Amino acid sequence: MNDDLDRQNNNIIANWARKHSLWVLAYGTGCGAIEVPPTMTSRYDAERFGITGMATPRQADVLLITGYLAIKTLKRVIRTYEQMQAPKYVIGFGSCTINGGMYWDSYNTIKRLDDYIPVDIFINGCMPRPEGVIDGFIKLQERIARGQAKGWQHYQENLDWYRANQKKVIKNWTMPDYNW
Amino acid sequence: MDSKLIKEQEIKRNINNAFRSAEVTVVRRRRISVRFRAGILPAFISYLKEYMGFVHLVMISCVDWLEDNQFELVYHLWSYEEHIHAMIKIRLDRDNAQIKSLSSLWPHAETYEREIHEMFGVDFEGHPGLTDLILEDWSDLPPMRRDFDTRAFVAETFEWRKGREDAQDVRQTISARYGETIPEFKKDK
Ligand code: SF4
């Protein structure tokens, strides 16, 4: 199975196509979501890089986690992430996703996003400017082209580790246990 | 100054005529504060609402007086006729925090009461549904209580990322790495 995943990941033509059409799930958490509309609209116009919005997780490629994530939201995010179809990429956006940011001692926000879902690119800043966001997307595109954006594969292979972390903070686990 | 507080003094007199135990203070122009017993709170509030014109419940807030072992509920009322803001302050025993719900007077009191219930653990009798509002599956102490140790909870529940714990000025890291000097700014005296 892993050979198969690797083959999918290293397919140059497919990666080239993927990198030029990134559909971003329109889902915002935290304050950083406020930087997404200017990034997408006329001033910064992310669509010239092939980045545009998508309303449903089943058809989206990129999950943007735009800031602090409450435990309650984490549950929804995991659900969303698992519904997205591979290949899928996660961008952690703002210092809250990196180390808790200014919510470092808050009782209900997670501190390290990559403990719970695999993150391909972190964009630092509190909050990152649209230039920073676009820069992060371009870095993600470069990684996709090189076949390095393998977060989704990592998630499948280390599902137990991620599940253990997720269940540590989500007390009442009522979600279906997917199997790949 | 005194001449401007006629309305406020009159309201104070009226409240005291009806409820002798209410301690009314005129805080300043357009603001009065009332201390009251928890027992007959709904009667008192409905008196203010029906007869004194305080028809708008602005919000309910809760203060944790850990040292006195009490919670203080503050009901903010507003009168459109007199343009006066009244704060009704109720002290509750922390160990047995129970009070009657105001949801029959103002439907929107429900939301505030649910929040106070989940954040402080105050029990509102007669509330139609005291379930979680913002938190989900919370099993610890109510988080806004002052004896809830947030840091200890965070340290136990979450992993820290390395480098977070020293809380250093980020300029020091940068200067160490890139050999830049940190500019000296004048200190405010
Ligand atoms: S990193 Fe800053 S801007 Fe972003 S969610 Fe956290 S506090 Fe808000």
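What is the handedness of the crossing of α2(A) and α6(A)? The crossing is right-handed, a crossing being right-handed if the near helix is turned clockwise from the far one by less than a right angle, and left-handed if anticlockwise. The model is predicted: local features need pLDDT of at least 70, side-chain atom pairs count only at pLDDT 80 or more, and totals for chains, interfaces and linings use all residues. Residues are numbered from 1 along each chain as its sequence is written, chains are lettered from A and ligands numbered from 1 in the order in which they are written, and side-chain values use heavy atoms, without hydrogens and water.

Helix α2 of chain A spans residues 12-19. Helices (H or I, at least four residues) and strands (E, at least two) are DSSP runs, numbered from the N terminus. The axes of α2(A) and α6(A) come within 8 Å and cross at roughly 165 degrees. Axes are lines fitted to C-alpha atoms, for helices over the stretch in contact, and angles run from 0 to 180 degrees between N-to-C directions. The two helices, α2(A) and α6(A), are therefore roughly antiparallel. Angles under 35 degrees count as roughly parallel, over 145 as roughly antiparallel, 65 to 115 as roughly perpendicular and the rest as oblique. From α2(A), the contact (heavy atoms within 4.5 Å) uses A:N15, A:R18 and A:K19. From α6(A) come A:Q141, A:I144 and A:A145. The residues of this contact of α2(A) with α6(A) divide into two nonpolar, two polar and two charged. Here Ala, Val, Leu, Ile, Met, Phe, Trp, Tyr, Cys and Pro count as nonpolar, Asp, Glu, Lys and Arg as charged, and the others, Gly among them, as polar.

A further helix pair in chain A is formed by α4 (residues 71-83) and α8 (residues 159-169). Their axes lie 10 Å apart, at an angle of about 150 degrees. Helices α4(A) and α8(A) are therefore roughly antiparallel to each other. Their crossing is left-handed. A:I71, A:L74, A:I78 and A:E82 of α4(A) meet A:R163, A:Q166 and A:V169 of α8(A). Four residues of this contact are nonpolar, one is polar and two are charged.

In chain B, helix α1 (residues 6-18) packs with helix α2 (residues 41-51) at about 140 degrees, with axes 12 Å apart. The pair α1(B) and α2(B) is therefore oblique. The crossing is right-handed. Helix α1(B) contributes B:N14, B:I15 and B:A18, and α2(B) contributes B:F44, B:Y47 and B:L48. Five of these residues are nonpolar, one is polar and none is charged.

Backbone details follow. A cis peptide bond joins A:A86 and A:P87, with omega about -5 degrees. A:P87 lies in the loop between α4 and β4 (89-93) of chain A. The bond from A:C126 to A:M127 is also cis, with omega near -5 degrees. A:M127 sits in the loop between β5 (121-123) and α6 (130-145) of chain A. B:R30 is not a glycine, yet has a positive phi of about 65 degrees. B:R30 is placed in the loop between β1 (23-28) and β2 (31-36) of chain B.

The interface takes 26 residues from chain A and 21 residues from chain B. The buried area, meaning the accessible area (1.4 Å probe) that two parts lose on being put together, summed over both, is about 2000 Å². Carbon and sulfur atoms give 53% of that area. Four salt bridges are found across the interface, each a side-chain nitrogen of Lys or Arg within 4 Å of a carboxyl oxygen of Asp or Glu. B:R151 forms a salt bridge with A:D105, with the closest N and O atoms 3.3 Å apart.
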